[in-house]
Amino acid sequence: MKRLIILAGVATGVVAPAQAQRVQVTPYIEASQVVAADLNGGDVLTYSTVGAGIDAAVHSRRVEVQVSYRYEHRFDYQNRLNNDHTHSGLATVKAAVAPGFTIEAGGIATRTRSDIRGDLQTSNVGNFSNSAQVFSGYVGPNLATHLGPMFVNGAYRFGYTKVEAPGTTGVAAGQPRLDYYDDSTVHVATASVGVKSGTVLPVGITASGSYTRENAGQLDQRFEGKWGRGDVVLPVLRGLALAGGVGYEQIKITQRDALLDTGGQPVLDGAGRFRTDPNSPRRIAYNLEGVFWDAGVIWKPSRRTFFEARVGRRYGSMSYTGSLSYQAGPGSGIQIGVYDTVQTFGQQLNGQLSTLPTSLASTTDPFGNQFSGCVYGTTGAATGGCMTGILASATTSAYRGRGVTGVAVAGRGGTRIGIGGGWAKRDFIAPAGGSGFTTNGTSDTTIYGQIFASTNVGPNGSLQGSVIGSYYDSDLAGSDGIYGWGANAAYTHRFGRLGATLSTGIFGFERDGESSASAQALLGLRYGF
């Protein structure tokens, strides 16, 4: 929460000198009554909530800011709630300090699964199982300028991620215990210089490099990666070019052992995390050094369409990457990305957060899913992104992450539609030696999809709805594939500064021999200042 408040403060500080053209800041308080009925023969849970938050948007020639944050406290009549408060928010900031020089920042507060083998929480109503609060934020400068015919780009990003310890996870007794993610700091610096084709030479040439350093709180983990590469782009037809590159990289990931008791089990701290053995040597989880390459095509038939696909060899095997973007209109477009990287939970969450646009569709989701799944932009040039594959679980191990993610939006008048989905696979990297259970060589897979729609109903009403579906699977012992699903609809009517929302939904999950489903309803009042 502190990081979201800091980002909001930064945004307020840079807005004033920029003479913002559009500023909308709405702090609010709200109260709701919630009912959740277990459709598998369980009880009906009823409780009240009191919340406070802020919605802010600033768009000017030099500054773009969007902040949405909400804190909720819960009051249960039967004293059966094991989570009495939640934080939910997203902030994106971009400020032009000088020509070609910007400062960007962002933050998110949402929930993540704790153990990939455990239960699946598709709604934030009622008691949370296998769910933990996560906070992540970043800030850093970006440079994009020219020196004669050469372009010069540079960026630095500092990021921080914190995950609170979960309660119950739903993992069967007797299974190996996994460590709980704590926090991490990450530094990422990138630079590139080159010339476009046709300026100095018939081909375009780029030299680029990157350095990443991350320190994680659990087991004294360290991640250090650096690479440099050269790329050539050869135009062959109008809007079509061949591209290829070769580079050299070094990645080293290390950590210490968990402290074990006399029975050979990990010693836990007060939050249930593994304690570090101070006498353990530093174990190498990953040590890669060598050449990588890729080649492919770039197709850009117009300013609205861009496509790139590459195939090569990296991380010891074949690698496939690519992207597609198409802007059908001012408020409609599609973006698809294919990625292949070695990284960590904190790095991936920070990185995805930094790609989100500064103008996002406003959603009314009192069940709390708006920032844990796909978020949608309001323009066809910046459609948004999905967090689902990252938040599959807050794993402490590094991993090779591969996947496909896509977001499409369409908007006309007061109606907006968003579709998002993807596939993600994580191959975990951890020390093979040392003490205790290791995730090295294991993997998990996530498949997800989401549909969102909203429309105005008269001058003072709005109707929104969403449908979500997901599948998680892991080859860890004791893990079965689990399906998650849900749907909700909400109607909001505004009476001046006062707004009333009625929302209903049904959510659940299924896995081998077990299913869970609940129907939920909420009636809330919000007063905006």
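This is a predicted model: local features need pLDDT of at least 70, side-chain atom pairs count only at pLDDT 80 or more; totals for chains, interfaces and linings use all residues.

Student: Which residues is Gly 508 in contact with, leaving aside its neighbours within four places in sequence?

Tutor: Gly 508 is in contact with Thr 122, Tyr 483, Gly 484, Trp 485, Ser 516 and Ala 517. Separation in sequence and separation in space should be read side by side. Gly 508 and Leu 120 are 388 residues apart in sequence, and their C-alpha atoms are 8.1 Å apart in space. Arg 111 and Gly 41 give another case: 70 residues apart in sequence, they are 27 Å apart from C-alpha to C-alpha.

Student: Where is Arg 111 found, and is this residue buried or exposed?

Tutor: Arg 111 is found in strand β5, residues 101-113. With a relative accessible area of 9%, Arg 111 is buried.

Student: How many residues of helix α2 are buried?

Tutor: Nine of the 10 residues in α2, residues 345-354, are buried, and the helix is mostly covered. Among the buried ones are Phe 345, Leu 349 and Leu 353.

Student: How does one read pairs of aromatic rings?

Tutor: One considers the distance between ring centres and the angle between ring planes; planes under 30 degrees apart count as stacked, and over 60 as edge-to-face. The whole structure contains five aromatic pairs. In one of them, Tyr 376 and Phe 452 have ring centres 5.8 Å apart and planes at 15 degrees, so this pair is stacked. Tyr 376 lies in strand β16 (residues 374-379) and Phe 452 in strand β20 (residues 443-457), so the pair ties together parts that are 76 residues apart in sequence. Both Tyr 376 and Phe 452 are buried.

Student: Why is the pair of Tyr 527 and Phe 529 edge-to-face?

Tutor: The ring planes of Tyr 527 and Phe 529 stand at 80 degrees, with the centres 5.2 Å apart, so the pair is edge-to-face. Tyr 527 is partly exposed at 35% relative accessible area, and Phe 529 is partly exposed at 49%.

Student: What may be learned from backbone torsions?

Tutor: Most residues other than glycine have a negative phi. Leu 219, although not a glycine, has a positive phi of about 55 degrees. This leucine is found in the loop between β9 (204-216) and β10 (221-237), and at 7% relative accessibility Leu 219 counts as buried.

Student: Where is Tyr 315 found, and what is its phi?

Tutor: Tyr 315 is found in the loop between β13 (305-314) and β14 (317-329). Its phi is near 60 degrees, a positive value in a residue other than glycine. At 13% relative accessibility, Tyr 315 counts as buried.

Conventions
Residues are numbered from 1 along each chain as its sequence is written. Side-chain values use heavy atoms; hydrogens and water are left out. Rings of Phe, Tyr and Trp (its six-membered ring) pair if their centres lie within 6.5 Å; planes under 30 degrees apart count as stacked, over 60 as edge-to-face and the rest as tilted. Helices (H or I, at least four residues) and strands (E, at least two) are DSSP runs, numbered from the N terminus. Buried means under 20% relative accessible area, exposed over 50%, partly exposed in between (1.4 Å probe, protein chains only). Contact means heavy atoms within 4.5 Å.
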